[in-house]
Amino acid sequence: MIGSVPGANLWLPKPALQGLIDRLRELGYEVVGPRVADGAVTLGEITSLAELPAGVQDEQEPGRYRLKVIESGGYFDHVVGPHSLKPFLFPPRTTVLQVLRVRDSWEAHSPEPPRPKRAVIGVRSCDLHALAIQDRVFLGSTHRDPEYAARREGLFLVAVNCGRSAATCFCVSMDTGPAVTGGADLILTELPDGFVVRVGTEAGGSTLAGLGCQECSPTVLAEAELVPKRAAAQQTRRINPATVHDTLMNNLQHPRWDDVAKRCLSCANCTMVCPTCFCSTVNEVTDLTGEQTTRERVWESCFNEEHSWTGSGAVHPTTKSRYRQWLTHKLATWIDQFGSSGCVGCGRCITWCPVGIDLTEEVAAMEGERK
Ligand code: SF4
Ligand code: SF4
């Protein structure tokens, strides 16, 4: 086969993508990809090309998401939907401890974390950056998260360069996209008749054997380079990463926080769809017979009052203080804590906010005042 070493660019005819799905399944991977479900492009198990959302485009605006079908029939014409990689590595609900009654006593055990082999097709650049952020949070300290680590180990990533941006995307300003610059085993760029496949890792290259890959002509490579550039040129929203930290931290008493609090429902949608938000809480659930108690870790949000509960009450008792906590952590104190922004500019929190609150607009309002 033509050299499939990391860095190589190969041509994969469109139907051969089925071969890649089959190969990954033969290697024992559950293959996950984009598909239409519940009126959105979501991520779920796929076995065939026919399940990909061919020709489906998403229209996204603050508080609005709609699908439409276009003629071109590209498999990856959509942008990011409500799902990211987060639930596959940090599931919304996991069991950390089970306690069972055994005769007159109790036995406790922590279940072994599952170690799924999972290949995700169609991952976008912003989500690869979000994955790197979550890696730092869950694996980057002395307290490694065993559940996350076990799931991360078996992850195989087939990324796609975005060919269009949603109106809510601002990855260009966050320097996280739309071109994929690394972090995946294979990187696809979709053209009308096939894909340019850049090999990201040796494991990625080895999956291509026998799939009919050909050499890429300079013309095809030049055409592929234009694809993410086209998407980048469509973005109108932006955040200035160089100034946002000080803008927010120097304006903690700005009247804009009262303004946004009047609109915010404290519903937590923005934190649920965010690919980097990582808060969780622990619940004890006892069955009706009293024979078994399960300790579960479930996603939690800084928009819930209980999240900041201490012995003397909630630290963030108002919507204003909760929104301010979220935005300042995401765009400012995350940098102090982890050395990078907690936002990758995917725009999900804007699209899936039921009242269309847009963090780029909130920051811009404070920037204006500061100037
Ligand atoms: S804060 Fe919003 S735009 Fe930034 S990563 Fe989270 S969901 Fe995406
Ligand atoms: S900003 Fe929007 S999505 Fe987030 S809690 Fe407020 S209303 Fe809900």
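Two residues are in contact if their C-beta atoms, placed from the backbone, lie within 7 Å. Welcome to this predicted model, where local features need pLDDT of at least 70, side-chain atom pairs count only at pLDDT 80 or more, and totals for chains, interfaces and linings use all residues. Residues are numbered from 1 along each chain as its sequence is written, while chains are lettered from A and ligands numbered from 1 in the order in which they are written.

**Exercise 1.** Find the domains and describe how domain 1 meets domain 2.

*Solution.*
- Step 1: An automatic or database assignment places 9-90 + 116-233 in domain 1 and 244-276 + 303-370 in domain 2.
- Step 2: Over C-alpha atoms, the domain centres are 28 Å apart.
- Step 3: Domain 1 brings 25 residues into contact with 22 residues of domain 2.
- Step 4: On the domain 1 side, α3 (125-139) and α5 (171-174) each give two or more residues; helices here are DSSP runs (H or I, at least four residues), numbered from the N terminus.
- Step 5: With eight residues, α3 supplies the largest share of that side.

**Exercise 2.** Which residues surround ligand 2, and what classes do they fall into?

*Solution.*
- Step 1: A residue is near a molecule if its C-beta atom, placed from the backbone, lies within 6 Å of it.
- Step 2: Around ligand 2 we find, among them, C264, C267, C270 and C353.
- Step 3: Ala, Val, Leu, Ile, Met, Phe, Trp, Tyr, Cys and Pro count as nonpolar, Asp, Glu, Lys and Arg as charged, and the others, Gly among them, as polar.
- Step 4: This shell therefore divides into 10 nonpolar, two polar and no charged residues.
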